[in-house]
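The following paragraphs lead the reader through selected features of one structure. Please keep the sequence and the model in view while reading.

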Amino acid sequence: MDCRICELRHRQFICETCLKTHLHDLRQQTQYYSSDRDEQVVKATRALSDVIMPARTTRGAHAAVQHQVEQLQCGLVKLRKDNEKKREQLRLLRETLSSRRRNLSTAKLHTSSVLNPSAHSPPLASTREASSLTNLSAEISRARAGLVQELVEVFNIVEVGGRPPIGGKAGTKGEWTIGDLILPVPGDMRRYPPDHINAVLTHTIHFLSLLTFYLGIKLPFEIIWSGGKLGVGQPLIGAIKGTETGGWARWHTKHPLHLSSSPSPAHVVPSPSALDKLSDPAPLSSSVLAAAPPPSAPQSSFTTALAMLLYNVSFLAYTQNVEVPLSQTGDVLSNLWMVCCSAELGRKSHETYPHLPAPTPPSFPLDFSQLLQATVANPASKSRRPVISRSSKAISQPGQHDGRHIDLTVLEEDDGWDMVDDDV
């Protein structure tokens, strides 16, 4: 409209009714668009939660599984490489063992051809044949000594913590280990878990089997495995057929040389008792029947098997001219070390000349019942040095090749064993 005074055009004025109508329409449009917006938001939220999120979760799980598969494949590649290396090492060891067995078989055949052992064969008729046989026996002895030195190095039989006498002070005896595992004396076995005892006994049995195979020695107690093969299953030990000398032949029942992982009455090691009877063999002889438990007693099964193992080691030491007194039979690894260091190592055998008598001859002084009684008493170890060969004051140390033997200082042995309190 125009102004009546200045005649200029001004804003148009809207009446109240039109303004209300306009505001009403604006509110309706706002409500419509708000409801449409809320509906779109709900649809988007539903699509995100029902479609997109499950797809994302599935893709994430697939990626995690794929990552795990890649890690397993990398580990599998490493395991295959490690298995190939171990197979190669096992192949080399088998070839070495086969070569040694062939050498021993050749030596046995050569000896048999020279001796021609039969019931009707005449004795050696000439000095030349006797000299040849003596030389052959010496060569076999040197070959056996070399094999035993390598065997000691492979099983790593060492004494840990020992000290020789210095400045007038008495020496101390450390703990003997095989394959870095300590083999305690019978009185100290209760201080170690069953898995440790089983592992170290397995190493010791394997070492003893190879040692007797190399030396051609037949032991009074035979060790078999429940799995039918060496190292498969659990070891069992029992007497072979033999004479009544030594009182061991009647123990033909197989006893387990193995401890159960769960404590049971059959594997409880008795607490140590007085050892006054060990210094006087007469009371032991009078109580042999009382000390020898029947084969059916489950409490004595492992202890009996352990005594059989100690008896085998003592007889093996006797065949190599090493004296092992009754008080020292529990130091198995120390006794085996002395056997491997003997100056008479490999000179006599049950399979080659000169022949040894079958187990056990009357000259073998150890009685199995006395050893069993001492083992049941379970004496604990005391710091002492071992007794060496009856015929030589020098021992050789396997693994050092300076000639055939290396002389070591022989230290004296303390008499008897210390008593320990039963703290189990």
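**Cysteines, backbone and a helix pair**

Zero disulfides are counted in this structure, a disulfide being a pair of cysteine sulfur atoms within 2.5 Å. In general, a disulfide is a covalent bond between the sulfur atoms of two cysteines. For Cys15, the closest cysteine sulfur is that of Cys18, at 3.2 Å, which is too far for a bond. Cys340 is likewise in no disulfide, and the nearest cysteine sulfur, in Cys341, lies 6.6 Å away. Cys15 is partly exposed, at 39% relative accessible area, whereas Cys340 is buried, at 4%. Buried here means under 20% relative accessible area, exposed means over 50%, and partly exposed is what falls in between, with a 1.4 Å probe and protein chains only.

The model is predicted: local features need pLDDT of at least 70 and side-chain atom pairs count only at pLDDT 80 or more, while totals for chains, interfaces and linings use all residues. Residues are numbered from 1 along each chain as its sequence is written, and side-chain values use heavy atoms, with hydrogens and water left out.

The backbone comes next. Most residues other than glycine have a negative phi, and most peptide bonds are trans. Asn156, which is not a glycine, has a positive phi of about 55°. Asn156 sits in the loop between α2 (127–155) and β1 (158–160); helices (H or I, at least four residues) and strands (E, at least two) are DSSP runs, numbered from the N terminus. Asn156 is partly exposed, with 31% relative accessibility. Asn321 also has a positive phi, near 65°, and belongs to the loop between α6 (301–319) and α7. At 18% relative accessibility, Asn321 is buried. A cis peptide bond, with omega about -15°, joins Pro359 and Thr360. Thr360 lies in the loop between α7 (332–340) and α8 (368–377).

How do two of these helices pack? The axes of α6 and α8 are 9 Å apart and meet at an angle of about 125°; axes are lines fitted to C-alpha atoms, for helices over the stretch in contact, and angles run from 0 to 180 degrees between N-to-C directions. That angle makes α6 oblique to α8, because angles under 35 degrees count as roughly parallel, over 145 as roughly antiparallel, 65 to 115 as roughly perpendicular and the rest as oblique. Residues in the contact (heavy atoms within 4.5 Å) include Leu306 and Tyr311 of α6, and Phe368 and Leu372 of α8.
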